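Here are my notes on this model, as numbered points. Please read them with the structure open.

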Amino acid sequence: MVEESDFHAATVLSKRHISPSMIRVILGGDDLRRFASCGGLDEFAWLTFPHRDAPLADAPGRYYTIRHWDAAAGRITVDFVSHEGGIASTWARVAEPGDRLGVLKPRFRYVPPADACWVVLLADATGLPAVGRIIEERAPEVPVIAHVEVNSIEDRQDFSADGYHCHWHPSFNHAGRPSRLSEIAVELDLPRGLGYVWVAGEASEVAACRRHFRDTLGLPRERLTSIGYWIHGQARS
Ligand SMILES: Cc1cc2nc3c(=O)[nH]c(=O)nc-3n(C[C@H](O)[C@H](O)[C@H](O)COP(=O)(O)OP(=O)(O)OC[C@H]3O[C@@H](n4cnc5c(N)ncnc54)[C@H](O)[C@@H]3O)c2cc1C
């Protein structure tokens, strides 16, 4: 049961490809002005995708990252990876200004310890919106090293920030394998000293990354956040 105060009806204001595989949708509308950001840098919300004029709150949904929240204008930016099948990707591919969407109460998982003197972000394309927001809105004195897996090198993005390095890996959905995030994890060297690792992507790859950082490298629980964003071969509901 969705609390009315946790639910917002949103309208598509604009849609465009920001790279070959990423569709950016900007949402607005009167009801979205009530949206209360939770303030977390990997902030995400359950979005509902209605069929024609069906009720928004009951429609099927998926989790998506709030790439940007413009509180003054009451606008949310969401970046959708374009892929075959799936209600969300299909919706984004055909979305037009005026289309409706439901936005539920947001949450976050990115919680670096206060003593972290570096942050490593490891994500496939679905985690790229969160990587971008973390890089742009974090405390600038903490250096960030990001490794992002994309479909092709044309899917790279620039971020409005200093003090970060982003390594791009064009191996997402290549050669019949959805992702090689776990191989990237094994190949990377973590900086010295106390830090924090944040991982997001295909669920089995994220699980393998978690095993590597926790069991092989002995990273303490509070220094690792790992989230399965999607499941290969399975609709996420
Ligand atoms: C906290 C959180 C935040 C997220 N933020 C974002 C975001 O900002 N942008 C974003 O694009 N995704 C994001 N995701 C991932 C997104 O929710 C999933 O990719 C979701 O499965 C897409 O729904 P769908 O209806 O398009 O496909 P589904 O109906 O869930 O799946 C249909 C088929 O497509 C496959 N599939 C799903 N996603 C992909 C993909 N990306 N590439 C290739 N095949 C895929 C499935 O394995 C399945 O076979 C996030 C997930 C979580 C949990």
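1. Start with arginine 67 and glutamate 136. Their side chains meet in a salt bridge, at 3.3 Å from N to O. (A salt bridge here is a side-chain nitrogen of Lys or Arg within 4 Å of a carboxyl oxygen of Asp or Glu.) The pair links distant parts of the chain, 69 residues apart: arginine 67 lies in the loop between β4 (61-65) and β5 (68-70), and glutamate 136 in helix α2. Helices (H or I, at least four residues) and strands (E, at least two) are DSSP runs, numbered from the N terminus.

2. This is a predicted model: local features need pLDDT of at least 70, side-chain atom pairs count only at pLDDT 80 or more, and totals for chains, interfaces and linings use all residues. Residues are numbered from 1 along each chain as its sequence is written, and side-chain values use heavy atoms, with hydrogens and water left out.

3. Are the two partners in point 1 buried or exposed? Arginine 67 is buried, at 6% relative accessible area. Glutamate 136 is partly exposed, at 28%. The cut-offs: buried is under 20% relative accessible area, exposed is over 50%, and partly exposed is in between (1.4 Å probe, protein chains only).

4. Helix α2 (residues 128-137) deserves a look. Eight of its 10 residues are buried. Among them are Leu128, Val131, Arg133 and Ile134. Arginine 133 also forms a salt bridge, with glutamate 43; the closest N and O atoms are 2.9 Å apart.

5. Now the domains. The assignment gives domain 1 (4-104) and domain 2 (119-230); such bounds come from an automatic or database domain assignment. Their centres, taken over C-alpha atoms, are 24 Å apart. In contact are 16 residues of domain 1 and 20 residues of domain 2, with contact meaning heavy atoms within 4.5 Å.

6. How much area is buried between domain 1 and domain 2? About 1,500 Å², with carbon and sulfur atoms giving 52%. Buried area is the accessible area (1.4 Å probe) that two parts lose on being put together, summed over both. Leu41, Asp42 and Arg67 supply 42% of what domain 1 buries against domain 2, more than any other three residues.

7. The interface has polar links too. Two salt bridges cross between domain 1 and domain 2. Seven residue pairs are in polar contact there, both residues at pLDDT 80 or more. (A polar contact is a pair of N or O atoms within 3.5 Å; within protein, one must be able to donate a hydrogen and the other to accept it, and residues adjacent in sequence count only if both atoms are side-chain atoms.)

8. The salt bridge count comes to 11. One joins glutamate 205 and arginine 177, at 3.2 Å from N to O. Glutamate 205 is in helix α4 (residues 203-216), and arginine 177 is in the loop between β10 (164-169) and α3 (181-187), 28 residues apart. Glutamate 205 is buried at 10%, while arginine 177 is partly exposed at 33%. Shared partners join Arg177, Arg180, Glu183, Glu187 and Glu205 into one network of salt bridges.

9. Last, the cysteines. The disulfide count is zero, a disulfide being a pair of cysteine sulfur atoms within 2.5 Å. Cysteine 166 is buried, at 19%. Cysteine 38 is partly exposed, at 29%.
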